Amino acid sequence: MPRYLGVMSGTSLDGLDIALIEQDGNPRLLATHYIPMPADLRAELLALCAPGPDELARAALAENRWVVLAAEGIASLLASERLSPTEIRAIGSHGQTVRHEPARGFTVQIGNPALLAELTGIPVVGDFRRRDVAAGGQGAPLVPAFHEALFDDGSSRRAVLNVGGFSNLSLLSPGQPVHGFDCGPGNALMDAWMQRHRGASFDRDGAWAASGQCDEDLLQALLGDSFFQHHGPKSTGRELFNLPWLERHLAALPAIDASAVQRTLLELTARSIADSLCQAQPGTEELLVCGGGAHNSALMARLQELLPQTRVASTASKGVPPDWIEAMAFAWLAHCCLEGIAGNRPSVTGAKGLRVLGALYPA
């Protein structure tokens with residue numbers, strides 16, 4: 001049975017997730033490896049998400065460092081599993097998104113697949129998003145097709161929620177094509193506010209947010225953004241939701257305690273998800289949560305409060321660890337590319353039709 005590796009570096013920029021899957025019918029997770037992102041590389045990748053000097057050279061140097069890190073992680077995983085590169089059919093590498101502006105016709109992920117193939121001796125499939133954008137789609141989210149393969153039981157209304165830096169929903173309803181879209185911020189704003197005021201990379205269990213009171217005026221101002229008024233297809237990223245965006249809203253209001261801002265940002269994430277789900281798929285019986293947000297107990301509890309008729313649970317309840325689903329998805333998308341299987345869903349991205357995603361870089 002063919003084995004694939006998936007490499008995912010998300011918008012939270014905390015590190016690289018590497019998943020090894022076996023593809024025989026439904027994908028099966030075999031092994032995982034995580035590499036923390038070096039602080040200086042994380043800072044440079046974040047800086048590349050906004051205009052700056054000498055961007056082309058800086059991006060090329062940053063992506064090469066990213067690839068070296070990924071290759072080291074892949075070597076470690078293969079050694080621990082006693083596998084040789086020849087036993088892996090392909091690597092699906094998402095790369096690192098530094099710009100995502102489908103309304104302007106482009107999305108940019110850096111990750112030098114040619115160098116990754118050279119360093120690992122394994123064929124690499126990369127550049128997954130641009131074909132969907134070329135076909136008029138958003139290029140994101142791409143995981144709903146994989147969520148459908150993993151979790152659609154054909155008999156119940158389910159949704160799969162990924163909460164990384166940003167949040168996205170996949171909607172699974174009997175007899176209907178999978179739907180999905182980005183809901184808005186996931187952890188990105190909470191993490192940035194935490195780093196600024198507490199010097200930590202994230203708010204563990206949402207403890208700091210839970211210590212504050214939601215500021216309703218700030219919440220309504222944030223929810224007033226035009227992004228939340230559109231029902232999709234839609235996708236978003238740091239181009240819209242970032243600290244300057246938050247600061248513009250804060251500047252228009254009386255001073256708010258930092259912990260109250262954190263609590264309000266958690267409420268923004270929870271409310272934008274719950275509102276999106278209720279509007280797009282009323283009567284959802286189960287919401288399965290993956291990504292880093294699945295470990296935020298305050299966020300999970302708030303989602304359950306906002307969705308009392310829906311069972312909210314981690315994907316771990318279905319036997320799939322929540323931290324590895326996106327890396328698994330890009331391993332699966334590599335399989336789809338090599339087999340000529342469409343990896344996008346027009347009902348999700350708005351593309352003109354089904355498209356095989358990705359480009360192959362032979363070993």
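Predicted model: local features only at pLDDT ≥ 70, side-chain atom pairs only at ≥ 80, totals over all residues.
Local features are reported where pLDDT is at least 70 and side-chain atom pairs only at pLDDT 80 or more, whereas totals for chains, interfaces and linings use all residues. Residues are numbered from 1 along each chain as its sequence is written, and side-chain values use heavy atoms, with hydrogens and water left out.

**View 1. The salt bridge between E148 and R345.** The structure holds 17 salt bridges, a term that requires a side-chain nitrogen of Lys or Arg within 4 Å of a carboxyl oxygen of Asp or Glu. In the pair formed by E148 and R345, the closest N and O atoms are 3.6 Å apart. Because E148 belongs to helix α5 (residues 144–151) and R345 to the loop between α12 (325–339) and α13 (346–349), the contact ties together parts that are 197 residues apart in sequence; helices (H or I, at least four residues) and strands (E, at least two) are DSSP runs, numbered from the N terminus.

**View 2. The salt bridge between R158 and E286.** These side chains meet at 2.9 Å, N to O, and the pair links strand β7 (residues 158–163), which holds R158, with strand β10 (residues 286–290), which holds E286, across 128 residues. R158 is buried at 11% relative accessibility, and E286 is buried at 9%, where buried means under 20% relative accessible area, exposed over 50% and partly exposed in between (1.4 Å probe, protein chains only). Both residues belong to a network of salt bridges that also links D153, R311 and K318.

**View 3. The salt bridge between D275 and R271.** The closest N and O atoms of this pair are 3.9 Å apart. D275 and R271 are 4 residues apart in helix α10 (residues 258–280), so about one helical turn separates them.
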